[in-house]
Amino acid sequence: MGSAGDAGVCALWRWAEGPEERRLLELFSYGLMALGAVSSLLLRFIPMPYGRYSSRRFGWLLPARPAWVVQELPSLLVPLGLAVCGGAVAAARPNRVLLGCFLLHYAHRALIFPLLIREGKPTPFFTFVLALLFCAFNGYLQGRSLTTYATYPAGWLGGSRFITGFLGWLIGMAINIHSDHILRNLRKPGETGYKIPRGGMFEYVSGANFFGEILEWFGFALACCTIESFAFALCTLFILSSRARQHHKWYLEKFEDYPKDRKIVIPFLY
C-alpha cells in the first residue's frame with residue numbers, strides 16, 4: 001500500500017516536470033529575492049518576534065524545541081522525497097553531492113540543534129508558521145532544482161567554482177555551529193541574564209552565527225550555480241543581516257562596555 005502511494009506521488013512529480021515548472025521555479029526564485037528585500041525593510045520597524053524578543057502579541061507561545069524541529073523538518077523531508085522520485089538528474093554525482101550539502105545542514109538544524117537548546121525562549125505561533133512555510137517552500141525550490149533541472153558538465157566537482165563554493169559552504173557551516181556553541185555556553189548552570197558573546201567570529205561581528213550561515217549559503221550558491229540557490233543566499237543575506245542589526249542594537253543598549261569596534265554581521269565592513 002505504501003509503495004503504491006509512493007509510486008503515485010512520484011508519478012505526480014514526473015507529470016509536473018517540464019518547461020512550465022522550470023519557468024515556475026525561476027519565478028519563485030525572483031519572488032524569494034523580493035521576499036528577502038521586503039522582509040529586511042519591515043524588520044527595520046518591526047523586531048523579529050523570536051528568542052529574547054518573543055511576545056504573546058504574535059500568537060500562542062510554543063515550546064522552543066518541538067517548534068524548532070517541526071518548522072525545520074520540511075527543508076529536510078521535501079528534498080529527500082524529491083530525490084527518491086528523481087531520475088537521471090538526481091542520480092548524477094554533482095547533484096547528489098550538492099543536495100547532500102543542503103540536507104546535511106538541515107539534518108543538523110532539524111534533528112541535532114534542537115536537542116542542544118538550553119531552556120530556549122518560547123516561539124510565537126506566528127513566527128513558527130512563517131518558518132514552517134518558508135522551509136517547505138525553499139525545500140521544494142532547492143530540492144526540485146537539484147533533482148530535476150540542474151545539469152552539470154563532466155568534471156564539475158573538480159572545477160574552481162565548485163571547490164571555492166564548497167569551501168565557503170563548509171567554513172560557513174563550521175562558523176555557524178561554533179558560534180551557536182558559544183551562545184549556548186555563555187551562562188553557567190544556574191546563571192540567568194545575558195552576557196556579551198566572546199571568542200570566534202564574535203570578536204569581529206555581533207551576528208557571528210548569522211555571518212556563518214550567510215557565507216554558507218553563498219558558498220552553496222557558487223557551487224550550484226543555479227538561480228534557485230542564489231535566490232536563497234540573497235534572501236538569507238537580507239533577513240539575517242536585519243536580525244543581526246537588531247541584535248547589535250540591543251547589545252549596544254544593554255551593555256555599556258560592548259566593543260564599539262565590533263561590526264554587525266560582515267567582518268570589517270558592516
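Analyst: Let's begin with Cys85, which counts as buried at 14% relative accessibility. Here, buried means under 20% relative accessible area, exposed means over 50%, and partly exposed covers what lies in between, using a 1.4 Å probe and protein chains only. Keep in mind that this is a predicted model: local features need pLDDT of at least 70, side-chain atom pairs count only at pLDDT 80 or more, and totals for chains, interfaces and linings use all residues. Residues are numbered from 1 along each chain as its sequence is written, and side-chain values use heavy atoms, with hydrogens and water left out.

What is Cys85 joined to? Its partner in a disulfide is Cys10, with an S to S distance of 2.1 Å; the term stands for a pair of cysteine sulfur atoms within 2.5 Å. Cys10 sits in helix 1 (residues 2-16) and Cys85 in helix 4 (residues 74-85), so this pair ties together parts that are 75 residues apart in sequence. Helices are DSSP runs of H or I with at least four residues, strands are runs of E with at least two, and both are numbered from the N terminus. The link is left-handed, with -70 degrees about the S-S bond. The structure holds one disulfide.

Cys225 is partly exposed, at 39% relative accessibility. Cys235 is in no disulfide either, its nearest cysteine sulfur being that of Cys135, 11 Å away. Cys235 is buried, at 1% relative accessibility.

Now for the aromatic rings. The whole structure has 23 aromatic pairs. Rings of Phe, Tyr and Trp (its six-membered ring) pair if their centres lie within 6.5 Å; planes under 30 degrees apart are stacked, over 60 edge-to-face, and the rest tilted. Phe102 and Tyr106 have ring centres 5.0 Å apart and planes at 50 degrees, so they form a tilted pair. Both belong to helix 6 (residues 93-116), four residues apart, about one turn of the helix. Trp217 and Phe220 make an edge-to-face pair, 5.3 Å centre to centre with 90 degrees between the planes. These two share helix 9 (residues 208-224), three residues apart, again about one turn of the helix. Trp217 is buried at 0% relative accessibility, and Phe220 is buried at 1%. Both pairs belong to one aromatic cluster, made up of Phe102, Tyr106, Phe134, Trp217, Phe220 and Phe232.

Arg109 lies over the face of Phe113, at 4.4 Å from the ring centre. The charged end of Arg187 sits over the ring of Tyr194, 5.7 Å from its centre. Such a contact requires NZ of Lys or CZ of Arg within 6 Å of the ring centre and within 35 degrees of the ring normal.

Finally, a word from the record: an unreviewed UniProt entry lists residues 27-47, 67-90, 97-117, 123-141, 162-179 and 217-240 as "transmembrane region". Its positions are given in the numbering used here, feature names are shortened, and annotations may be inferred rather than shown by experiment. Over residues 162-179 the chain is 100% helix and 0% strand, with end C-alpha atoms 25 Å apart.
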